[in-house]
Amino acid sequence: MSIKKSKRILGLFAILIMMHHLGQKTSAFWVPETVRQHGLEIFVPIGYLLVSFFFFCSGYGLVKSMRTKEDYFKGFLVKRLNRILFVFLVTQIIWLFSRIAKDAVWMPFNPYSWYVYTIIVLYIGFFLIYRKENKYSLLLMTAWILGYSAVCYIMITGNWWYNSALIFVLGIYMADRENKKDRDIDPGEEKISKKNKIVKLCILAVIMIAAFIISENGANIYNLLHMTNYSLINAVIVVLQITAGSCFSLIVYYLLAGTEGKDNIFSKILDFYGSMTLEFYLIHGLFVQVFGHHFINDSTPPVCYIKNVFLYVIVVFAISTASAFVIKKAGDIITAFYKRSEGFKKFCTDQKKLAKIVLIIFAVFTVFHGYNRYKSSKEAEAKLEEYITELTFVSAGGTEVAAYVAGEGDYTVVLLGADDDPCSTLYLRPLADKLTDTFRVVIIDYPGKGYSKESDAERTADFYADTVHDTLNQLGVTDNIILCPTQLSAIYAYRYIEKYPDGLAGFVGIDAVVPGIAKRFLDGNYSSVDEYRWFMKRMKRLDTIKQTALVVTGYINFQFPVYDYLFHGSGMKEYYPVMEEMHVRRYMRDGHLEEVGNVYDNCMVVDGYKLPADLPAVFLLDNYIKSNELYGLNWENEYKKMITDSEKQTITILDGNPYVIYYNPSVIAKLIDEFIAGN
């Protein structure tokens with residue numbers, strides 16, 4: 001298999017991978033029906049097959065070069081990684097500025113960059129194992145990749161991070177198999193009889209198709225057999241994907257072996273793309289997102305949405321090609337400078353010293369931040385204790401629950417925080433202070449959040465509804481109750497209304513989550529409830545690891561500037577140290593993670609929910625969610641489905657985003673006041 005022919009195929013596959021990502025954005029089953037477009041369905045499931053051949057060629061090419069070049073491992077990592085890291089760095093910077101422009105900055109900047117991390121791990125493993133090659137090298141390389149796969153399984157949420165990496169070993173094996181044959185002809189052009197070749201191709205094709213079809217329908221088989229362990233079926237799916245990817249790579253390999261490459265316009269085009277596959281791969285995803293129905297995911301508005309699928313493909317393809325070409329030329333210039341400049345060459349080749357310096361700086365920086373985090377936590381202890389005196393504690397939800405109670409009035413406004421709110425008694429304080437001149441206000445910290453103690457109870461919708469009800473009872477609040485939940489707490493409020501209608505005087509939902517969001521997540525991303533629950537367990541594990549690492553290293557401090565944005569001008573600045581400490585102790589911890597893990601089940605408890613006809617209610621919906629149809633839902637229409645009396649139950653659109661309750665509490669307080677006065 002010659003380099004020229006393989007590069008042409010890789011150029012073609014790079015374009016097909018672009019089509020795969022375009023298909024995922026337009027035609028996949030998880031795309032919201034409101035923006036789903038047909039035409040690219042065939043490309044949606046084939047991504048790992050295409051990437052498999054990239055890994056196959058990498059393993060194959062490394063062994064071929066190792067067998068033919070002297071001192072091959074001298075400067076191996078520098079030669080292999082410098083170009084990759086350059087392209088990676090340039091595209092990461094482009095992605096970062098694009099995300100900053102759309103206020104959508106989170107890691108990784110490029111969601112399609114997993115391939116770079118994987119190939120770097122494989123190159124490092126190959127260098128460590130094959131520079132002192134022995135009879136166990138192939139086995140050790142396999143173990144290295146399996147170890148990487150195990151880490152991915154624990155840390156990463158998608159099978160694509162590792163379901164094609166093992167085929168790197170297959171490439172190594174096939175290259176060695178060629179090299180061991182004593183032939184006079186070029187071993188890359190092995191003579192295989194036409195009959196034997198056809199037989200091999202047919203067998204491989206049958207296995208590949210069978211493995212591909214079964215893996216694509218694995219979840220349906222799981223449901224059909226009424227299995228109860230989704231991790232088992234996922235493991236089977238991954239094995240089948242590895243099998244399909246291996247067969248696919250061997251089919252391409254045998255088709256290329258012994259064939260003559262002809263030069264024509266088509267082959268020249270493939271040569272062009274084959275010379276910049278990495279650049280094209282790392283940059284095209286940006287334009288897939290820029291011209292898609294939403295930027296990155298369903299919670300970020302579009303940049304320049306192209307609805308027509310054909311035009312979408314053409315625009316992304318053209319701009320990606322031009323961008324990849326420019327990046328490649330920039331890399332060529334750097335490479336030429338590297339060859340001419342001894343100083344630059346020394347800088348680039350002295351990687352060990354540079355890596356040590358970077359690691360030392362990082363270690364010192366981490367120790368410094370970790371110590372400051374520890375010091376800040378100690379200093380916040382006094383403030384934490386001081387604020388406790390302003391709270392009331394009752395027994396509810398099987399634990400001690402903290403509540404902030406203030407103001408007097410005929411009505412009691414009960415403020416319930418969002419799921420990512422680690423301490424409602426602090427976060428909702430500005431809104432409460434705007435209401436206390438007219439109403440009695442109660443803010444409740446759910447168990448495991450804020451100042452409330454942890455509870456062993458399962459975080460069901462009934463658990464939250466009962467906790468709120470029991471807390472209010474013990475506070476002596478039994479009538480003229482105005483439930484005022486924000487975001488996910490609305491689900492618990494709906495359940496509260498169903499179970500405890502007596503004493504309720506009204507409902508004010510602030511960006512209230514709708515029950516239909518559960519089906520949207522399930523139907524749009526998962527084949528069964530068990531798959532969703534299994535996924536959420538993995539997410540919880542990953543989030544726990546990440547949050548713990550941020551706290552221990554002190555890098556969690558970088559999340560704190562958000563308070564200046566959310567609470568600017570609220571008079572809460574003196575509470576920032578306490579709020580930051582609560583973020584450290586409660587955000588992405590047991591109570592929060594359990595709540596997030598039960599979102600689907602809790603939403604389904606109130607599926608199809610409708611407000612009682614005699615209950616005054618208002619939904620306060622910010623125009624960011626409304627205009628961008630967050631999570632692929634028309635929130636206003638979803639609210640209308642719950643309304644049973646349009647005279648008593650209305651929808652009000654607010655200027656702002658889902659955090660308006662924090663940074664502009666005055667407008668929320670005014671609307672609550674007007675609602676109560678009007679009813």
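Is K626 buried, partly exposed or exposed? With a relative accessible area of 35%, K626 is partly exposed; here buried means under 20% relative accessible area, exposed over 50%, and partly exposed in between, using a 1.4 Å probe and protein chains only.

Colleagues, a word on the basis of these values. This is a predicted model, in which local features need pLDDT of at least 70 and side-chain atom pairs count only at pLDDT 80 or more, while totals for chains, interfaces and linings use all residues. Residues are numbered from 1 along each chain as its sequence is written, and side-chain values use heavy atoms, with hydrogens and water left out.

I turn to the salt bridges. Side chains of opposite charge can pair when their charged atoms come close. The criterion applied is a side-chain nitrogen of Lys or Arg within 4 Å of a carboxyl oxygen of Asp or Glu. The structure holds 19 such salt bridges.

One of them joins R67 to D176, with 2.7 Å between the closest N and O atoms. R67 belongs to helix α2 (residues 47-68) and D176 to helix α6 (residues 167-179), so this pair ties together parts that are 109 residues apart in sequence. As to accessibility, R67 counts as partly exposed at 36%, whereas D176 counts as buried at 12%.

A second salt bridge pairs R429 with D433, the closest N and O atoms being 3.5 Å apart. Both residues lie in helix α16 (residues 429-435), and because they are four residues apart, about one helical turn separates them. R429 is buried, at 10% relative accessible area, and D433 is partly exposed, at 37%.

K626, with which I opened, meets E636 in a salt bridge of 3.7 Å, N to O. This pair links distant parts of the chain, ten residues apart: E636 in helix α26 (residues 635-642) and K626 in helix α25 (residues 623-628). E636 counts as partly exposed, at 21% relative accessibility. Elsewhere, salt bridges that share partners join D462, D466, R495, E498 and K499 into one network.

Finally, the nonpolar surface. L89, I93, F97 and I100 make a nonpolar surface patch of about 400 Å². Such a patch consists of residues with over 30% relative accessible area and no salt bridge, its nonpolar side chains (Val, Leu, Ile, Met, Phe, Trp, Tyr) being joined within 5 Å. F97 is placed in helix α3 (residues 76-101) and is exposed, with a relative accessible area of 56%.

How values were computed
Helices (H or I, at least four residues) and strands (E, at least two) are DSSP runs, numbered from the N terminus. Patches are made of residues with over 30% relative accessible area and no salt bridge: like charges are joined within 9 Å, nonpolar side chains (Val, Leu, Ile, Met, Phe, Trp, Tyr) within 5 Å. Accessible areas come from the Shrake-Rupley method with a 1.4 Å probe; for residues, only the protein chains shown count as cover.
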